[in-house]
Every structure is written in structure tokens, then in C-alpha cells.
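Subject: Structure handover, with notes on charged side chains

Hello,

Here is the structure you asked about. My notes follow below it.

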Amino acid sequence: MGKLLRNALIIFCLIPVLVSAQKINSIQLLADLEYLASDHLEGRKPLSNGSLLARQFIKHRFQELGLTSQYPDFTQYFSFVNRRDGRVMENAANIVGFIPGEQTDQLIVIMAHYDHLGKIGESIFNGADDNASGTAAVMAIAAYFSRNRPKHSMMFVALDAEEMGHQGAKALVADFPFDLKNVVLNINLDMVSRNDDNEIYAVGTYHFPFLKPMIHKVSEGRQPKLLFGHDEPGSSLKDWTMSSDHSQFFINDIPFIYFGVEDHKDYHKETDIFENIHPEFYVSTVELILEIIISLDNGMIEKK
């Protein structure tokens, strides 16, 4: 099926969602995911040509939105040792945008990793759900707050090298441009575009229960169904507290919420491609996450 025909069919199927989705530009969101997960970017492995293209794409979007940054050209460079082969990886890069708060300099950090596994032999691991989905969502959420100034200051971060051991998050926390005590909340999006049961998890409220009532109030009766869990040691669900980039904020005693789906059959496979995401689920999920962030931005001010 040709790309234009496929996109036309997706948009046609999304008409009911597009009518109701007032805060997120659904067409832009899907187009961004499709580009980031395209063969042209070859899986976005750190330091690859595809990774460099992804950096430029995200940086350009932040510039278009009028975001500022504490890093030159929106880019925080860092180096690390690849734990798999011992090689030093120089000039990996996080892309960082910033919007000052209307009422406080305290920060909410909203982030997603943009890297994936890259090209292995002749096979491209596109990483549509993991994690082009989270990256495109962060850009969409940044677009909303660029038009609607938040009460808290907000930092929007596309992190590199998550798949190599949360290296981008480690670098961000180690070279953070403010006192980490100013960060009141970390939001991490990692795999948010597909689920057969129409479910998304909000992880972290076991550790930070004060966040749960605000999240529950927004999500109650909404689709997709938002579940809590995957954060309690010893429960029947796998503990995701340390499973993605939010771990680096957690170990610094910073409250976090991690939005993600449970693993699916295409996780870390060549078949994690744009054609296998669930567009209606994805748009509805990003809308829900945005509504939760808006509520937390307002509610955490009111609790002070």
C-alpha cells in the first residue's frame, strides 16, 4: 500500500478521534511517529546517521515552537562506555527544550528516549512503539504548553541511549542546569502507542501516593483505561520502577510517573513498525496523558 493511501486511510479511521481531540494535533502526532520510525532513520541507534537525523528533527520542532534551552543549540552532549562492547561512545546527545512557568520556577521534566536498536545486519529495528511513540508525544505535549503557558516551568527532553543503560538520563541528571531540588515531578513516556486491551499504565504512585488522586480523577471513565501498578515490590506484576529513564530521577528522590504499555509481541523486534501501532489508542493515550499533566501542573500548585 502506498504511503499516501495508507495515511489517508488512517486519517479516515481517526475522524471520530480527531473531532474530540482538541488539545493535540493528531495528524502531526502520527506523522511525527511515522517519520521517526521510518527506514530512513534506520532505528535511531546512538551516533548513527539515523540518530543524527532524529536529533535535527526534534531540535527543529522545539525551535519552531519557540522553546528555549539551557544548552547550546538545544543539545546536551555526553559520552559513555557501551556496556556491551566496552567502546567509548562520544557525543551522544539529549535534545532539551524549556518553557518558563507562569507561577513558579519549580520544574516538571517531561521526557522520552528517542534511540532504539538501530540496524543489525540487514535488518532495521525501527522502534515505532519503543520509543518513537513517546518522542512524538513529548513534542505534541510541548506544542500544547508552548500555546498555554504552564504554572510550573517545564523541561521537554528527548533522551539518547536509553537502550544502552539509561545513559541519556544519567547524563541529564549529572549535568542538570538547575538544582535537582527544583524538580517536583518527572514524567517519562516509553511505549505508549499500542495495546490490545486498550490499557495504559501510570507507574510510580506506590512510591509517591500523593499523585494518585489527581491522576485517578482525570482518568476515571476515560479511554484508554488507565491502570496503576508495576511499581510495588513483591506484587504479581513486574516492577518497572527501574526499567526506564525515570529511574535516574527516582534514585534522586524525585517523584515520577512513567506511562507505558505492557510488552507486546513486537517488542524489540523488526516488526515494531508504524503499521503495527494502534492509531486511535495512541491519540487517545496522548490526550489522556496531556490532561493528567495539566491537572498535576495545576494541582501541585494548589497543594502548596
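Which side chain of opposite charge is nearest to Arg44, and how far away is it? Please keep in mind that this is a predicted model.

The nearest one is Asp130, at 6.6 Å. A salt bridge needs a side-chain nitrogen of Lys or Arg within 4 Å of a carboxyl oxygen of Asp or Glu. Arg44 has no salt bridge, yet it is buried. You will find Arg44 in the loop between α3 (26–36) and α4 (49–64). Its side chain does reach a backbone atom: the oxygen of Asn126, at 2.6 Å.

Now the pairs. Side chains of opposite charge can pair when their charged atoms come close. The structure has eight salt bridges. Here are some of them.

Asp32 and Arg61
- The two residues form a salt bridge, with the closest N and O atoms 2.5 Å apart.
- Asp32 sits in helix α3 and Arg61 in helix α4, so the pair ties together parts that are 29 residues apart in sequence.
- Asp32 and Arg61 are buried.
- Glu64 joins Asp32 and Arg61 in a network of salt bridges.

Lys59 and Asp73
- These side chains meet in a salt bridge at 2.9 Å, N to O.
- Lys59 belongs to helix α4, and Asp73 to the loop between α4 and β1 (75–81), so this pair ties together parts 14 residues apart in sequence.
- Lys59 counts as buried, at 6% relative accessibility.
- Asp73 is partly exposed, with a relative accessible area of 45%.

Arg194 and Asp266
- The closest N and O atoms of this salt bridge are 2.7 Å apart.
- The pair links distant parts of the chain, 72 residues apart. Arg194 is in the loop between β7 (183–189) and β8 (199–203), and Asp266 is in the loop between β10 and α9.
- Arg194 and Asp266 are both buried.

Last, the surface. Which residues gather there in a patch of negative charge? They are Asp196, Asp197, Glu262 and Asp263. Glu262 lies in the loop between β10 (256–260) and α9 (279–302). Glu262 is partly exposed, and its relative accessible area is 30%.

Then go to the network of Asp32, Arg61 and Glu64. Finish at the negative patch that includes Glu262.

Best wishes

Technical notes:
Residues numbered from 1 in each chain as written. Predicted model: local features only at pLDDT ≥ 70, side-chain atom pairs only at ≥ 80, totals over all residues. Heavy atoms only, no water. Helix = DSSP H or I, 4+ residues; strand = E, 2+ residues; numbered from the N terminus. Buried < 20%, exposed > 50% of the residue type's maximum accessible area, 1.4 Å probe, protein only. Lys, Arg positive; Asp, Glu negative; His and termini not counted. Polar contact = N/O pair within 3.5 Å; in protein donor to acceptor, adjacent residues only side chain to side chain. Patch = residues over 30% accessible without salt bridge, like charges linked within 9 Å, V, L, I, M, F, W, Y side chains within 5 Å. Areas by Shrake-Rupley, 256 points an atom, 1.4 Å probe, with all protein chains shown as cover. Charge placed at Lys NZ, Arg CZ, Asp CG, Glu CD.
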